Amino acid sequence: MAACVRAPVRLHTRGSPARGARARKGAFVAHATAPQQARTSAPLPYASPSVDCLPSAGAAGRAHARAQAREMRLHAMDASAVPAPEPAEAPAADGESLFEKASNVITNLFPIWTVLAAGVGLYQPATFTWLSTSAFTYVLAALMFSMGLTMTVDDFKRVFTRPKVVAIGFVACYVLMPALAFGIGKALGLTDALLAGLVVVGAINGGQASNLCTYIAKGDVALSVLMTTSTTIGCIFMTPLISKLVLGAVVPVDAVGIAMDTIKVVLAPIMAGLALNSTVPKFCRAVEPICPVIGVFATIVLVGASVAKCSADILAAGMALQAACILLHAVGGVAGYWFNRAFGYDETTCRTTAIETSMKSSAFGFVLAANHFGAYLVRVPPAVSVVWMAVIGSTMAVLWRGIPVPGEEGKEAERQERARERRGSEAERQERA
């Protein structure tokens, strides 16, 4: 290296001894500082100077030089070991972005589509009467399959991570709501068949639309998914049991048929979607953005067909049946909220449980009533409930969205502070490296 070349220095020692000593001292200083100046002016990012190129400055100087060289070599190795930054992901294509935006708009406006489909089915029933009862079952199964595509085994495992609050939601779904349905139906003087249909609505699992309403209401979406999962699996044995115990003496009930339909319409499609998600996850991730659109479209068809198949009976039942369905979903939501308040849960959890309690899978109740109850009018309350369930659930979500969650601003500030601390720690580690 150029910095290591020692130019010959001629020492003129003629004259006094002091003059010769000063000359020798100046030559030594010049040689000692030359390598350091060369290093500071070199363009290389790091250098590994040879100890032999340094002037002889004694054992201590050589040891210090060796340590300095070793440190610089280690620094060079660490610098070369730092991985190159990964290239930034390419932005999503415009078409994909537009599709996602359209999907979000369609999904978020599902209550409006529900009301429109119900209105068309009620006053123009021929629009949806082409859908037979068996085809209705297949559409509902497709809805459950689309739900299964977005789920993993871990979603079921997480149910056991919050057992108390999930159990409260389960009890609200299968004890509180059937009891409310029976009491409201009796108080409003509904006929036995209409009373049975209202109890069927109270005894079925939570609806998938509750997850979206929980998100709008600033609730706990993860908890909402846990509750929906637990009640969906629970309906395999709870819905037939409640129907037989509560309604067996009121109208004829095929409890075994209800259990079999629950397995075919709910459990089997969800398990099939779950298995496909576990086998080919990349494919499921690719089609996942379209699943909400499929769900909304299936819900529109189910709502319209449910209302269209018994539109005349809905109009003949009058306001008593409408009031019964409104009270069931509204009082159920309020009771679910205060039920959790009594156990000391926070606002976010209470909102989530309220929406999960209020919103039911009424289309599935229509399938069970049409297939396994002897009285025709049993299917009328589930058809009415399909509409009011969506309207009341979305209304609660919109009202709560405008009401801040107590302490949420402080929690958000804490999250931001923790994020800043993490970034600072990472920066310090990079500096030390």
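A residue counts as buried under 20% relative accessible area, as exposed over 50%, and as partly exposed in between. Lys 218 has a relative accessible area of 40%, so this residue is partly exposed. The structure is a predicted model. Its chain has 433 residues, of which 42% count as buried, and its secondary structure consists of 19 helices and zero strands.

**Confidence and overall contacts**

- The average pLDDT of the chain is 76, and 74% of the residues reach at least 70.
- Residues 1–62 have a pLDDT below 50, and this stretch makes 33 contacts in the model beyond near neighbours in sequence.
- Residues 78–95 also have a pLDDT below 50, and that stretch makes one contact beyond near neighbours in sequence.
- Taking contacts in the chain between residues at least 6 apart in sequence, 81% join residues at least 24 apart.

**Lys 218**

- Lys 218 sits in a loop, with helix 9 (209–216) on one side and helix 10 (221–247) on the other.
- The phi of Lys 218 is near 60°, which is a positive value in a residue other than glycine.
- As background, most residues other than glycine have a negative phi.

**Thr 348**

- Thr 348 is part of helix 16, which covers residues 347–358.
- Its relative accessibility is 15%, and the limit for buried is under 20%, so Thr 348 counts as buried.
- Leaving aside residues up to four places away in sequence, Thr 348 touches Lys 218, Gly 219, Asp 220 and Val 405.
- Lys 218 is therefore a partly exposed loop residue that is in contact with the buried Thr 348.

**Helix 4 and helix 13**

- Helix 4 spans residues 110–123 and helix 13 spans residues 291–309; their axes come within 7 Å and cross at roughly 30°.
- Angles under 35 degrees count as roughly parallel, so helix 4 is roughly parallel to helix 13.
- The crossing of helix 4 with helix 13 is right-handed.
- On the side of helix 4, the residues that meet helix 13 are Phe 110, Trp 113, Thr 114, Ala 117, Ala 118, Gly 121 and Leu 122.
- On the side of helix 13, the residues that meet helix 4 are Val 296, Thr 299, Ile 300, Val 303, Gly 304, Val 307 and Ala 308.
- The residues of this contact comprise 10 nonpolar, four polar and no charged.

Conventions: Residues numbered from 1 in each chain as written. Predicted model: local features only at pLDDT ≥ 70, side-chain atom pairs only at ≥ 80, totals over all residues. Heavy atoms only, no water. Helix = DSSP H or I, 4+ residues; strand = E, 2+ residues; numbered from the N terminus. Buried < 20%, exposed > 50% of the residue type's maximum accessible area, 1.4 Å probe, protein only. Contact = heavy atoms within 4.5 Å. Axes fitted to C-alpha atoms, helices over the stretch in contact; angles between N-to-C directions. Parallel < 35°, antiparallel > 145°, perpendicular 65-115°, else oblique. Left-handed = near helix turned anticlockwise from the far one by under 90°. Nonpolar A, V, L, I, M, F, W, Y, C, P; charged D, E, K, R; others polar. pLDDT = per-residue confidence, 0-100.
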